[in-house]
Amino acid sequence: MMLEIKDLHASINDKEILKGINLTVNPGEIHALMGQNGAGKSTLSNVLVGNPAYEVTSGSITFNGKDLLAMKPEERAHEGLFLSFQQPVEIPGVSMVNFMRAAINARRQYLGQEPMSAGDFLKMMREKRKIVELDSKLANRSVNEGFSGGEKKRNEIFQMAMLEPTLSILDETDSGLDVDALRIVAEGFNKLRTPETSALVITHYQRLLDYLKPDIVHVLLNGRIVKTGGPELALEIENKGFDWIKAELEA
Amino acid sequence: MNSEQQYIDLFRQCRTMIDSHSAPVLNALREQAFQDFLQQGFPTQKVERYKYTDVPAAFAPDYGVNLNRLDIPVNPYEVFKCDVPNLSTSLYFMVNDAFYSKIQPAVALPEGMIVCSLREAAQQYPDLVARYYGKQARTGKDALNALNTMLVQDGLFVYVPRGVVVERTLQIVNILRSDVDLMVNRRVLIVLEDNAEARILFCDHAADDRSFLTTQIAEVYVGNNARLQLYELEETHVKNKRFGNLYVDQQADSNVSLNTITLHNGLTRNRSEVTLSGERAETNLYGCVIADKQQHVDHNTLIDHRVSYCTSNQLYKYVLDNQAVGAFAGRILVRENAQHTVSNERNANLCATKEARMYAQPMLEIYADDVKCSHGSTVGQLNEQALFYMQQRGISREEAQMLLRFAFVGEVIDCIAIDALRDRLHHLVEKRFRGELSRCSGCKICK
């Protein structure tokens, strides 16, 4: 297995959000994580990538056999973990080129490889940009600065293409996207899939899942996974909402 | 004994010696300067303009002064490796307050242009020097002007005649060199006549591990439609104290840009006063400060809009680490006659630690009614969200911090109009942030 989360409890500002998450992701699988606002979906993704604002109070996470919680955020990235941010951050003055070069070379250093040559790097930028139809002008600008909502999300998938993670977390990557941007982002993601890469997709909507075709769908409620099923579960939620699941639990 | 007394005694005792190693044009202003210094004394921090730097404390220690003009052995061309190479400059050296004239650049200056020792200029061209010397840096209004004027013996003179466009950048390397703690009083006089153009780069270095105290008074006169780019790069050490007063008088249609970059220092106070005397003159002041440890950098500016249709811009950015102290007090004065003034002032600061201190004081005084002006200041920390975003992509926290700082001051460095200098400074700033520039890196005489 690639990712194994056991009885994970986490809080922010002393408020417990995750109350015992158990989740296993195998290579090649796409898991969808659904649930109402405040259920803990984004908290889970933030805890996975090591956001210091969140505190893990108990439980464990192993990633490819390694203790994920013992690693710094950058080490988790080097090990193959990627988060497509719900709200990508603007970084004025840091160009996309320098940003990506620093990220790529940090990883290469971690893996004991030589830094990439400038020529190879720019060639790679050009190729990967095409996957999400990202304009060369955007690639030369500061990170996310002045990007539209759709451009920011495309830029996230572009970075994913550059870093080639084994486990990607898409945190509401579909939010705020128009139909075309959603298609570009989803198709871009699909082009990057391999039998060894997995994903955890957080979304409220079926339309992204129509493209990504998840293998397993989880429902998160009040800090716990309360229901797990196949792709049909997402369709059912799209039609009926979450109340029937709550009713089932209370019954 | 108060801080002033040793300078008063020195002047009284050594007046003849000071005069004999200088020139009549310089000597002529000494007595008045002395009277003005006696009357004012050093400004305390109660004086608004000197609020952020303790002048009496800086001048209290007993420094040596080289009034007798003993030759301090150094051949800067042999020992100094410039930190800004490949610029194809006309390179000159000032060793302490003296112009180093034993070797001159190979490329000849344009016809009629003068670059030489101020003392020699005052002897050879007394009328020319007297026309400009001491006219802006008046001794009655600033005690440091008074102190410098009463003690100064030499300095730099640059004269660009009417219509002469100087192709090569003049690079003046100020080297502080001494075997004992030393006070240096240096004077700079730059005159660009109408339609003249020049670029001048000053690099400040301290070659010895001694305490240095420098007063540098620079007076710059920029004629009608003349253009001047002035760069000041300080890369000294923590025992260096620099007090620089720069006065610029701009005539109609002139254009001046001043870039002051403090990469490494001890205590620095730079006063920059620009008088816009002629219509449609434009001035741009840029400042970049990188300070850590207990370094102290105080920029104090005054842009005096005296006439209509002038433009001024100011952009000063500071990155303060450890217990560093920064100050920026920028005053824009738009006088009653100065209609259609356009003036902007922006100061942005990054305090990387809780102990770092920034004092910011943007000031705008408008007495005209049809003007476009703005002023503002921000003090902040590194953006935690941006840091985490970069970490998630695999960039270490330290590297991410470096990238953010570099990006922050990059905006100011990008305002440098000389390509080679701008590229070099980006490189030097990066080295500085990586901690590889804890002393002046380029000069081999730095131990």
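Which residue in E16(B) is the bridge partner of B:Ile290? I looked it up in this predicted model, and the partner is B:Val319.

**Ground rules.** I noted that residues are numbered from 1 along each chain as its sequence is written, with chains lettered from A and ligands numbered from 1 in the order in which they are written. The model is predicted, so local features need pLDDT of at least 70 and side-chain atom pairs count only at pLDDT 80 or more, while totals for chains, interfaces and linings use all residues.

**The sheet in chain B.** I started from the strands, which are DSSP runs of E, at least two residues long; helices are runs of H or I, at least four residues long, and both are numbered from the N terminus. Two strands pair if DSSP finds at least two bridges between them. E14(B), residues 282–291, pairs with E16(B) in the parallel sense over ten bridges. I then traced the whole open sheet: ten strands of chain B, in the order E3-E2-E6-E8-E10-E12-E14-E16-E18-E20, with mixed pairing. Its edge strands are E3 (98–100) and E20 (372–380) of chain B, and each pairs on one side only. Neighbouring strands are turned by 10° against each other on average, direction ignored. Axes here are lines fitted to C-alpha atoms, for helices over the stretch in contact, and angles run from 0 to 180 degrees between N-to-C directions.

**Helices on the strands.** I checked H10(B) next. H10(B) packs on the sheet and touches E14, E16 and E18 (342–351) of chain B. Its direction makes about 155° with that of E16(B). Contact means that two C-beta atoms, placed from the backbone, lie within 7 Å. H11(B), residues 419–433, lies across E8, E10, E12 and E14 of chain B, at about 25° to E12(B).

**A buried helix.** I call a residue buried if 20 or more other C-beta atoms lie within 10 Å of its own, exposed if 12 or fewer, and partly exposed in between. Nine of the nine residues of H8(B), 143–151, are buried, so this helix is largely enclosed by the rest of the structure. Those buried residues pack against H1, H3, E7, E9 and E11 of chain B.

**The core.** A nonpolar core is a set of buried Ala, Val, Leu, Ile, Met, Phe, Trp, Tyr and Cys residues joined through C-beta atoms within 7 Å. The largest one has 200 residues. Among the members that touch the most others are A:Val201, B:Val158 and B:Ile190. Leaving aside neighbours within four places in sequence, B:Ile190 is in contact with B:Val158, B:Ile200, B:Ala218 and B:Val220.

Most residues other than glycine have a negative phi. B:Asp253 has a positive phi of about 60°, and so does B:Tyr309. B:Asp253 sits in the loop between E11 and E12 of chain B, and B:Tyr309 in the loop between E15 and E16 of chain B. B:Asp253 counts as partly exposed because it has 19 C-beta neighbours inside 10 Å. B:Tyr309 is partly exposed too, with 18.

**One residue in chain A.** A:Asn155 lies in H6(A), residues 149–163. With 23 C-beta neighbours inside 10 Å, A:Asn155 counts as buried. Its contacts beyond four places in sequence include A:Pro88 and A:Phe147.

**Between the chains.** The contact takes 16 residues from chain B and 19 from chain A. H9 and H10 of chain B each supply at least two residues of chain B's side.
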